[in-house]
Amino acid sequence: MLSRLLKEHQAKQNERKELQEKRRREAIAAATCLTEALVDHLNVGVAQAYVNQRKLDHEVKTLQVQASQFSKQTAQWISMVEGFNQALKEIGDVENWARSIEMDMRTIATALEYVHKGQLQSAGS
């Protein structure tokens, strides 16, 4: 009787161990599936972040090149404007010089006219 009870007890204990082992394997499999799903989900996000970072790096390089070109072009425009301003100043200087010469010539012409009229009056008297 005791031996039968012992055998039944050992059989039930073996069934429980097998059930427990089965549940442990199922839990491990479920945990593995969950881990893989989480890693896959994270990898998708990481991959997208990597792609976005590469796009940003490309855009930054493009922007740097364009900014450099714009800076050079702006420097050329500034140089051209400064040259234009200098040319305008020179034109203004020439215009002032021409006015000065014109005034001097009028003064000389008036003086010559006055002298010429004086000579005609003295010759006539």
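Author: A salt bridge is a side-chain nitrogen of Lys or Arg within 4 Å of a carboxyl oxygen of Asp or Glu. This structure holds six salt bridges. The model is predicted: local features need pLDDT of at least 70, side-chain atom pairs count only at pLDDT 80 or more, and totals for chains, interfaces and linings use all residues. Residues are numbered from 1 along each chain as its sequence is written, and side-chain values use heavy atoms, with hydrogens and water left out.

Reader: How do I read a helix label, and where does helix α1 run?

Author: Helices are DSSP runs (H or I, at least four residues), and strands are too (E, at least two); both are numbered from the N terminus. Helix α1 covers residues 2-124.

Reader: Which residues does UniProt mark as "coiled-coil region"?

Author: UniProt positions use the numbering here, feature names are shortened, and annotations may be inferred rather than shown by experiment. The record, an unreviewed entry, puts this feature at residues 2-29. In the model, that span is 100% helix and 0% strand. Its end C-alpha atoms lie 40 Å apart.

Reader: Which residue forms a salt bridge with R99?

Author: E95 does, at 2.5 Å from N to O. Both residues lie in helix α1, four residues apart, about one turn of the helix.

Reader: Which residue does E102 pair with?

Author: R106, with the closest N and O atoms 2.7 Å apart. E102 and R106 are also four residues apart in helix α1. E102 is partly exposed, at 40%.

Reader: What is the closest N and O distance between E113 and K117?

Author: It is 4.0 Å in this salt bridge. About one helical turn separates E113 and K117, because they are four residues apart in helix α1. K117 counts as partly exposed, at 48% relative accessibility.

Reader: Which residues are joined into one network by shared partners?

Author: E21, R24 and R25, through salt bridges.

Reader: Which residues form the nonpolar patch?

Author: Patches take residues with over 30% relative accessible area and no salt bridge; like charges are joined within 9 Å, nonpolar side chains (Val, Leu, Ile, Met, Phe, Trp, Tyr) within 5 Å. Accessible areas come from the Shrake-Rupley method with a 1.4 Å probe; for residues, only the protein chains shown count as cover. Here V94, W97, I101, M105, I108 and L112 form the surface patch, with about 630 Å² of accessible area together. V94 lies in helix α1.

How values were computed:
Buried < 20%, exposed > 50% of the residue type's maximum accessible area, 1.4 Å probe, protein only.
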